[in-house]
Amino acid sequence: MSGRIDQIIDMVVAGRHKEIEGAVRGAIDDNLDLNSIINEGLIGAMDIVGKKFGAGEIFVPEMLVAAVTMKKGLEIVKPLLKGDASKPKGTILMGTVKGDLHDIGKNLVIMMLEGAGFNVVDLGVDLSIEKVVEKVRELKPDALGLSALLTTTLPEMQKVVRMMGEQGLRESVKIMVGGAPVDSTFVEKIGADGYGKDAASAVELAKRLVGAH
Amino acid sequence: MKSTPYNLVMSALYKGMKGERPPAANPTSVVCHDLMDAVGVSFPEAHTDANAMAELALAGHEIIGFDSVMPEYSVHQEAAALGCEVDWGSRDGMPDSRNFPFEDFSDIPVPDDLLEKPSMRVVLDALSILRRHVGGKAAVIGKVMGPWTLAYHMAGTQNFLLQVGLGETEKVTRMLRQLMPVTIAFARAQFAAGADIVVLADHATGNLVGAYHYQELLLPIHKELTAQIEGPLILHVCGNCLDRLELFADAGFDGYHFEWQVDSRNAVERVGHRLALVGNINNARTLFQGTPEDVRAQVRYAIEAGVDIIAPECAVPLATPLENLKAIIEAVHEGY
């Protein structure tokens, strides 16, 4: 039985996007538990991909192809989930801050979070503070994820955190930040709840923050 | 040798005579709000008006004290000339492209009047103005985007990297080769307009792609670029590039402008005898959030490591305090 899962893992890690559908259908036909196909197979594979990325063994091109492969697999399993299994773990708003149009990091995190069972709302790039406030009010997410690539746009993250406080929304939402120039010192300085140094650690962070919420 | 700003920069670029102190240069933007206020010139007009552009560049030399002047603050001049809709931003934000006109990897026609497109002409005119003002006194630095970065703008970064990941080598290489003439033409025109050095920014960074991607897809193109562009070229690639320093030297660049993730001692030891090292004062933690004393400590570390030209690692955050930028200059004026 676990051979099927291993096969799925290998395909996602290697980015064999053309073959994943057959492998997932095979696992379903063998009556494997759907949650195992997702959590141990597809998401488990992305954990491995994240670790390989963190170790510098693979890079964004391979990670994107792995994510595409995972997504194709998920699309086959998700419609079959019933009851609690299909219930999202929480809602997370994600966006790249104002002045920054870089979205690969954010998109990778979104794909991983969705894979991990979160309901993710993508607010896009060049995100104005007003829009963040409006969406947090409207959607009442468990967490807000902010991304930036440019060092020139780092101050925007601080502004968003401050504005959440001023609007009385800070207590109701956890704020996660990420992106190449972000580090733990910066997180403390701006008063965010945590940062993920890559997509895999962002998912771990989300599980921790939203779980404790 | 006279220890003038121009002499110090040019001599250090070719690892020649050492003057009284190491040079401090700015291959990428050092514009911050304090500097805009000091000269009364602001973004976005400094991206689109040659006089404003030159005036702000001059302030980097006259007010902060850098030994060079560099008038190109955005990475979208070529993208605009090739048909991207560029939003030139505001006082608080850098320009960016709003669309990716060649997402489908269709052929990219390079316009015959490429160098006369407003976004290109403005840089050439600003370089000529700077040449007239500080030629022979401060090093005049131009900047062009390499084909890899231009491909991000043409196709969208994620889309381009996905094609790389899918192994669409022919498609990727065709786009890079179609963009090469843009880099060559703009660099040559910048030298003709008055640049002493041109920075070639090509973001095949370790944060996105592997050394193996660089070696397979971009190194052959970089070798051709360095052969075809005669003047002094400094390569700029941000992020952690520890795994590809030797490849950058193999490409034939005269200098490499690098970030803090690449330790300066390591860089000097490995490639310091093959090209000039320019960098690598940390933007986010040190220049933007640190104190002048933090800046000084990093500058002195880089000088002791043997970095040839001291510089911020990349375009500085707009809210960077002016005193932190001045601290770079004070620290290099302490000498070797």
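Reader: Which helix of chain A holds A:Leu205?
Author: This is a predicted model, in which local features need pLDDT of at least 70, side-chain atom pairs count only at pLDDT 80 or more, and totals for chains, interfaces and linings use all residues. Residues are numbered from 1 along each chain as its sequence is written, while chains are lettered from A and ligands numbered from 1 in the order in which they are written. Helices (H or I, at least four residues) and strands (E, at least two) are DSSP runs, numbered from the N terminus. The helix that holds A:Leu205 spans residues 199-211 and is α9 of chain A.

Reader: Is A:Leu205 buried or exposed?
Author: A residue is buried if 20 or more other C-beta atoms lie within 10 Å of its own, exposed if 12 or fewer, and partly exposed in between, with C-beta atoms placed from the backbone. A:Leu205 has 22 other C-beta atoms within 10 Å, so A:Leu205 is buried.

Reader: Which residues is A:Leu205 in contact with, leaving aside its neighbours within four places in sequence?
Author: Two residues are in contact if their C-beta atoms, placed from the backbone, lie within 7 Å. With the neighbours within four places left aside, the contacts of A:Leu205 are A:Met176, A:Gly194 and A:Gly196.

Reader: Into which domains is chain A divided?
Author: Domain bounds come from an automatic or database domain assignment. The C-alpha centres of the two domains of chain A lie 25 Å apart. Chain A is divided into domain 1 (2-85) and domain 2 (88-211).

Reader: Which element gives the largest share of the side of domain 1 of chain A that touches domain 2 of chain A?
Author: The contact takes 14 residues from domain 1 of chain A and 9 residues from domain 2 of chain A. On the domain 1 side, the elements giving two or more residues are α3 (34-54) and α4 (60-77) of chain A. The largest share, 8 residues, comes from α3(A).

Reader: Which residues have the most contacts inside the largest nonpolar core?
Author: A nonpolar core is a set of buried Ala, Val, Leu, Ile, Met, Phe, Trp, Tyr and Cys residues joined through C-beta atoms within 7 Å. The largest one has 195 residues, and those with the most contacts inside it are A:Ile8, A:Val12 and A:Met112.

Reader: Which element gives the largest share of the side of chain B that touches chain A?
Author: The contact takes 27 residues from chain B and 24 residues from chain A. On the chain B side, α8 (157-165) and α13 (283-288) are the elements that give two or more residues. The largest share, 6 residues, is that of α8(B).

Reader: Why do the buried residues of α1(B) lie on the same side of this helix?
Author: Helix α1 (residues 5-13) of chain B has the buried residues B:Pro5, B:Leu8, B:Val9, B:Ala12 and B:Leu13. The reason is the arc they cover around the axis, taken from the directions from the helix axis to the C-beta atoms, which is only 125°.
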